[in-house]
Structures are given as structure tokens and as C-alpha cells.
Amino acid sequence: MGKVAKGGKKVAAAPLAQKKSAKGTKTNPLFEKRPKNLRLGGDIQPKRDLTRYVKWPKYVRLQRAKRIMLMRLKVPPAI
């Protein structure tokens, strides 16, 4: 590991020169890590506004419909 200098003292080994200890566990080939594609058409989709597709409670639908009906009553009839 360390080299002996001229004076007889050991010199510390470079940190990158040390061997890494091998892990005992093997990775499953079914779960391979692949780089993510973040470009257009990639795997992460942008967040969308899904409020129109929510099943709203009945009282919310009623008050919205009432407001639209009252707005339509205010409009004068077409001549």
C-alpha cells in the first residue's frame, strides 16, 4: 500500500489508488439502470390540468349550472 521513503517513514498511498472492496450482492438483470431521456417525447410527462375531468360533488355542479343559467337570462333575446 504505502511506499517507504528514503528516511524510512511510510508515505501515505494516493486515495484513488486503493482497491475498492467488492460487494457480495449481485444485481438483478431484470432491473437494469438505464439513463433517463428527459427530452421531448421522453418518459417524464408535463403536469396537466385535470380539473375538467374530476367528478365534482353535486352541490358544486348545481351552483355552477345556476350561475350559467342566470348569466344566460341577463342576455337580451336575439332579434
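**Predicted chain: terms and values**

The mean pLDDT of the protein chain, the predictor's confidence in each residue from 0 to 100, is 79, and 78% of the residues reach 70 or more. This is a predicted model, in which local features need pLDDT of at least 70 and side-chain atom pairs pLDDT 80 or more, while totals for chains, interfaces and linings use all residues. Residues are numbered from 1 along each chain as its sequence is written, and side-chain values use heavy atoms, without hydrogens and water.

Q: What makes residues 58-74 helix H1?
A: Helices are DSSP runs (H or I) of at least four residues, numbered from the N terminus; H1 has 17 residues.

Q: Why is H1 called hardly covered?
A: Buried means under 20% relative accessible area (exposed is over 50%, partly exposed in between; 1.4 Å probe, protein chains only). In H1, 1 of the 17 residues is buried.

Q: What makes Arg64 a charge over the ring of Trp56?
A: CZ of Arg or NZ of Lys must be within 6 Å of the ring centre and within 35 degrees of the ring normal. The charged end of Arg64 sits over the Trp56 ring, 4.5 Å from its centre.

Q: Which element has the highest mean pLDDT, and which the lowest?
A: H1 has the highest, 94, and strand E1 (residues 3-4) the lowest, 60.

Terms used:
Helix = DSSP H or I, 4+ residues; strand = E, 2+ residues; numbered from the N terminus. Expected span 1.5 Å × (residues − 1).
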